[in-house]
Amino acid sequence: MLRRDLELELARKDFFYYCNLLAPDFYKEDRKFLKDICEQMQDFYFSSDDVLIINVPPRHGKSRSAVMLTQWVFGQNVHEKVMTGSYNETLSTTFSKSVRNAIQEVKADENITVYSDVFPDVKIKQGDGAMNLWSLEGSYSNYLATSPTGTATGFGASLMIIDDLIKNSEEAFNENVLEKHWSWFTNTMLSRLEENGKVIIIMTRWSSNDLAGKALDHFNQEHKQVRHISLKAYQDDGSMLCDDILSKESYEMKVRAMGLEVASANYQQIPIDLEGKLYKNLKTYAEPPEFTDVRAYIDTADTGSDYLCAIVYGVYSGEAYILDVLHTIEGMEVTEPATAKLLHENGAKLAIIESNNGGRGFARNVESLLYSTYQTRKPSIKQYHQSKNKLARILSNSTFVMDHIYFPVNWRDRWPDFYKAITTYQKEGRNKHDDAPDALTGVAENVEGNKLKTMNKSILGL
């Protein structure tokens, strides 16, 4: 009896041991990754951290552990207010019922441990046990399950758990769906989070623009304490995360069936758009060399929904070093003086401006602003009509971009929109905007063209 009492007391204090005691067939002692996840969840709950993001392969227990955590948390604090959200009402209801039913389970076998053995004082309040909204005895409104189509009105949460918002790869490529998820999370869910409340986001990394990706960027920028658990099914050393759950043979079969991009998102936490991105490896620099020339390439906005992208770069030994970038959707009343300032402050000697559509007038106005504002005729403005196919140009110059164009080591922080536009650009389409890659291609074409001219002159002895 003493051993039994010790087991129950340990389960009250240790989350993994609680999981192991109630579900020993899954939460096995030798499944180290599960033990690590449970320990991280428990440590997060008691820490001062604000956000925990968990990206784990399917069938490896991420949602199950979230259900178990919710049960265990109520054992720690009967007044905890938990709100969970999933991609539809069915899934959110299933999550809710799993927690509620575990708390209500009646012991039928002395040899099987149930929730009431561990936490005998935690009970569902009579008459307040609806599927999606229920309370515990001695408390009020402890649990709400919702979704982007549901409601959270009138409920405050001290612990918020978002579990798998994206249904499939089609949703992962739908910018409107991803934006709706973020809007729901920020406008609805976060508005219900109480002071010092905690957020747990559990999902497959379908897209770099999914809720997990946006949350990582947002909360880090807000200087919140963020933890991130990201586990691959297929490890870097060739082993599997857990052979019992997914063997290497089964994984390889899934890769063949799903395709590499979908399998990488599901099992390797590599978003589809990153697996299929055009620019796989981009070079960076810490200290620039002594440049032989400083130039700029500017792709003006063709329509109101296009971005202007102006790139100033230094040239050294046939390679380009990006010095400054203007990447904005603002109108010409903003972009014309901003472009003039960019060119002047970076000492550009030549600026090539695409003259398609409104580019010709834009070039004239920038040239005029340089003189009227900075009393200079520099840089020399060259208008260029681009007649080649944009996508073909971007694709054919991508290798040169990766091999011969260098970005500042902190370019992600300096130009976040530009960074995202370049690093997530897809080689097989599905791109909402291509203005940044188009301007970068312009840089590549001009640097490569000058490099070839120099080589030809050398060959001819000129």
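Predicted model: local features only at pLDDT ≥ 70, side-chain atom pairs only at ≥ 80, totals over all residues.

**Strands, and the helices on them**

Guide: Let's start with strand 6 (residues 157-163) and strand 7, which run parallel and are joined by 6 bridges. As a rule, strands of a sheet pair through backbone hydrogen bonds, either parallel or antiparallel.

Now for the part I'd like to zoom in on: an open sheet of 7 strands, in the order 9-15-12-11-10-13-14, with mixed pairing. Which strands stand at its edges? They are strand 9 (283-285) and strand 14, and each has a single partner strand, so one side of each is left without a neighbour in the sheet. Neighbouring strands here are turned by 30 degrees against each other on average, if you ignore direction.

Pick out strand 10 and strand 11 in that sheet: they run antiparallel, with 7 bridges between them. Tyr-297 has Ile-311 in strand 11 as its bridge partner.

Helix 13 lies across strand 10, strand 11, strand 12 (319-328), strand 13 and strand 14, and runs at about 155 degrees to strand 12. Helix 14 packs on the sheet as well, touching strand 10, strand 11, strand 13 and strand 14, and its direction makes about 175 degrees with that of strand 14.

Let's stay with helix 14 (residues 359-374). Its 16 residues reach 22 Å from the first C-alpha to the last, close to the 22 Å expected at 1.5 Å a residue. Which of its residues are buried? They are Gly-359, Phe-362, Ala-363, Val-366 and Leu-370. Why do they end up on the same side of helix 14? Because they cover an arc of only 100 degrees around the axis. What do these buried residues pack against? Their partners are strand 10 (293-299), strand 11 (308-316), helix 13 (332-345), strand 13 (350-354) and strand 14 (380-384). Just after helix 14 comes Gln-375, which takes a positive phi of about 50 degrees.

How does this fit with the rest of the chain? The largest nonpolar core has 48 residues, and those with the most contacts inside it are Phe-15, Tyr-18, Tyr-27, Phe-74, Ile-103 and Ile-200. Apart from that one lies another core, of 30 residues, among them Ile-311, Ile-322, Leu-350 and Ile-352.

For a last stop, go to Asn-20, in helix 2 (residues 15-22). Buried or exposed? Its relative accessible area is 15%, under the 20% cut-off, so Asn-20 counts as buried. Leaving aside neighbours within four places in sequence, Asn-20 is in contact with Tyr-27, Lys-28 and Glu-29.

Finally, zoom out. The chain has 19 helices and 15 strands, and 50% of its 462 residues count as buried. Its C-alpha atoms fill a box of roughly 95 × 50 × 35 Å along the principal axes. And of the contacts between residues at least 6 apart in sequence, 71% join residues at least 24 apart.

Conventions
Residues numbered from 1 in each chain as written. Heavy atoms only, no water. Core = buried A, V, L, I, M, F, W, Y, C linked by side-chain atoms within 4.5 Å. Buried < 20%, exposed > 50% of the residue type's maximum accessible area, 1.4 Å probe, protein only. Helix = DSSP H or I, 4+ residues; strand = E, 2+ residues; numbered from the N terminus. Expected span 1.5 Å × (residues − 1). Arc of directions from axis to C-beta. Contact = heavy atoms within 4.5 Å. Pairing = 2+ DSSP bridges. Axes fitted to C-alpha atoms, helices over the stretch in contact; angles between N-to-C directions.
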